[in-house]
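This briefing covers helix packing, backbone geometry and salt bridges. The sequence and structure come first.

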Amino acid sequence: MSGYEGDGGSGDSGSREGSARGGGRSFDDDRRNSSGRQRSASRSRGGDRPRTSQAPSERRKRTDPARMAAFDVLREVDESDAYANLVLPPLLRERHIRGRDAGFATELTYGTLRLRGRYDAILATCVDRPLPGLDPALLDVLRLGAHQVLGMRVPVHAAVSETVGLARNRVGAGPAQMVNAVLRRVSERPLEEWLSILEKEAPDALTGLAATESHPLWIARALREALVGNGRSVDEIGDLLAADNASPRVMLVARPGLVDVSDEDAWGDVDLVAGRWAPTALRLEGSDPSGIPAIREGRAGVQDEGSQLVTLALAGVPLSGAASGSAASASAASDGAAVSDGAVPDSGARERWLDLCAGPGGKAALLGALAAQRGATLVANEVAPHRARLVAGALAALPDGVVEEVRTGDGREVGADEPGAYDRVLVDAPCTGLGALRRRPESRWRRTPSDLGALTGLQRELLASALDAVRPGGVVAYVTCSPHLAETQLVVSDVLKKRSDVERLDTPGVLRSVVRADSAAEIPLSDRDDVQLWPHVHGTDAMHLTLLRRTT
């Protein structure tokens with residue numbers, strides 16, 4: 001929690017800022033005694049007075065567990081390409097960090113990751129060498145200190161001394177002196193003044209905005225183009241980037257038929273507020289979702305409201321023609337026989353639904369709960385075995401007979417292997433994840449424009465496979481957690497150029513039909529046949545949805 005102020009502690013308060021750019025005196029100046037002789041960086045010689053009021057042995061060599069946890073997560077993210085949301089919670093449990101300390105570690109970790117670009121730009125003016133030349137561990141310490149000084153309500157003396165203690169403990173006594181000097185230079189100006197400096201030094205407005213709102217410039221450009229391409233004002237880019245840096249609310253999904261919102265035993269003693277748009281969504285106020293009985297039992301889950309909306313929309317589209325029939329299609333697939341594109345089985349057959357890229361299983365679990373209410377069955381396909389296991393776990397609470405299979409397979413092959421076998425197909429395609437930067441802040445620093453080529457090729461193949469796998473009259477939902485035009489509108493357009501058997505549906509109209517009744521008229525959607533959600537507009541991840549029907 002950002003209001004935590006730490007316990008202060010005493011650090012190298014007497015060390016200078018001379019190594020910082022424009023800091024005047026150098027470290028060497030500070031190390032000379034009255035006779036001009038240079039003294040050690042860590043202690044005085046002869047009769048010199050120590051540089052602080054403390055003896056060297058008394059200076060703080062450690063920092064508190066919360067700060068050390070944040071540092072260790074940042075190093076794991078950097079060295080192992082891990083995701084903070086997967087590393088931090090178990091680490092906090094392992095080290096028995098709870099309550100306010102856990103909240104402090106969480107804010108420090110995620111805030112530093114989100115605002116890394118901003119802090120790097122500020123630190124670059126306070127360090128006398130290029131930041132890429134610094135030891136990565138030292139740079140992470142500086143970022144953590146900068147966030148405490150500029151982004152949290154931590155007193156400057158506590159932020160500096162505790163970060164110096166962290167540096168001593170994790171990177172050594174020598175670098176700790178530099179940390180002390182640099183952070184004191186950072187603390188000379190309030191955040192607003194630093195941001196003004198960055199804006200003035202930028203060559204253009206978007207570059208300045210990318211620096212102050214901590215986004216790589218290529219991502220800021222892509223998001224600006226996505227706004228315009230979806231009929232929104234280019235002037236919204238500042239609000240969008242700022243929304244990416246806001247801590248998202250914890251949203252829960254109450255899976256229909258599995259849990260009732262009014263069941264106090266299922267939710268325990270937590271504060272829940274109805275979601276803004278999805279009838280299945282609940283906002284959790286200030287609590288750990290892992291302790292909620294319904295979540296432990298798989299009847300509910302943690303899921304962004306935008307993710308819930310796109311799933312509800314696929315289930316809400318009226319179908320044309322009869323169901324594909326689970327028994328006939330499953331038998332044909334198992335025998336290796338092709339299912340005729342135009343065949344319409346017995347009208348009493350159960351609908352078959354497919355989640356083509358099901359891992360880790362959140363959308364599949366909601367889709368399965370909806371399928372159970374409709375008498376339909378669900379096949380969940382996932383290419384990665386470990387993610388397929390996660391899917392199986394997410395679906396465990398569904399009634400018997402709903403899940404036909406959780407399979408491990410290449411989604412690009414399903415259309416050829418099972419043509420026309422499904423009534424509804426969800427394609428939650430692998431993407432850059434630019435729509436979930438507020439939840440996975442490290443993604444913005446890992447992705448590059450070169451990633452788009454491979455991803456968009458895969459997205460086209462998956463969508464084409466899904467259109468082959470759905471029967472005539474059935475529906476495909478193309479979903480990405482990215483607003484990038486290359487991953488959304490262009491993928492759909494390119495695939496449809498090669499087909500004459502697909503029609504676009506009124507996706508905004510379908511979405512309005514599945515939102516909460518009191519919100520249907522309020523949800524802001526562009527005048528297009530697809531839907532793009534936005535963090536700064538809808539309070540959701542930037543999910544894209546296009547609904548398509550296979551025609552005869």
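Where is the place of Pro360? Pro360 sits in the loop between strand S5 (352-355) and helix H17 (362-374); helices (H or I, at least four residues) and strands (E, at least two) are DSSP runs, numbered from the N terminus.

This is a predicted model, in which local features need pLDDT of at least 70 and side-chain atom pairs count only at pLDDT 80 or more, while totals for chains, interfaces and linings use all residues. Residues are numbered from 1 along each chain as its sequence is written, and side-chain values use heavy atoms, with hydrogens and water left out.

**Backbone geometry**
- Most residues other than glycine have a negative phi, and most peptide bonds are trans.
- The peptide bond from Gly359 to Pro360 is cis, with omega near 0°.
- Asp81, in the loop between H2 and helix H3 (84-94), has a positive phi of about 55° although it is not a glycine.
- Asp81 is exposed at 52% relative accessibility (buried means under 20% relative accessible area, exposed over 50%, partly exposed in between, with a 1.4 Å probe and protein chains only).
- Ser214 also is not a glycine and has a positive phi, of about 60°; its loop runs between helix H10 (205-212) and helix H11 (217-229).
- Ser214 is buried, at 0% relative accessibility.

**Packing of H2 and H6**
- The axes of helix H2 (residues 65-80) and helix H6 (residues 136-151) come within 10 Å and cross at roughly 130° (axes are lines fitted to C-alpha atoms over the stretch in contact, with angles from 0 to 180 degrees between N-to-C directions).
- H2 and H6 are therefore oblique to each other; angles under 35 degrees count as roughly parallel, over 145 as roughly antiparallel, 65 to 115 as roughly perpendicular and the rest as oblique.
- Residues of H2 in contact with H6 include Phe71 and Leu74, and those on the H6 side include Val141 and Leu144 (contact means heavy atoms within 4.5 Å).

**Salt bridges**
- The whole structure has 40 salt bridges (a side-chain nitrogen of Lys or Arg within 4 Å of a carboxyl oxygen of Asp or Glu).
- Arg407 pairs with Glu405 at 3.2 Å, N to O, and with Glu418 at 2.7 Å between the closest N and O atoms.
- Arg407 lies in strand S7 (residues 403-408) and Glu418 in the loop between helix H19 (414-417) and strand S8 (422-428), so this pair ties together parts 11 residues apart in sequence.
- Arg407 is buried at 17% and Glu418 is buried at 6%, whereas Glu405 is partly exposed at 36%.
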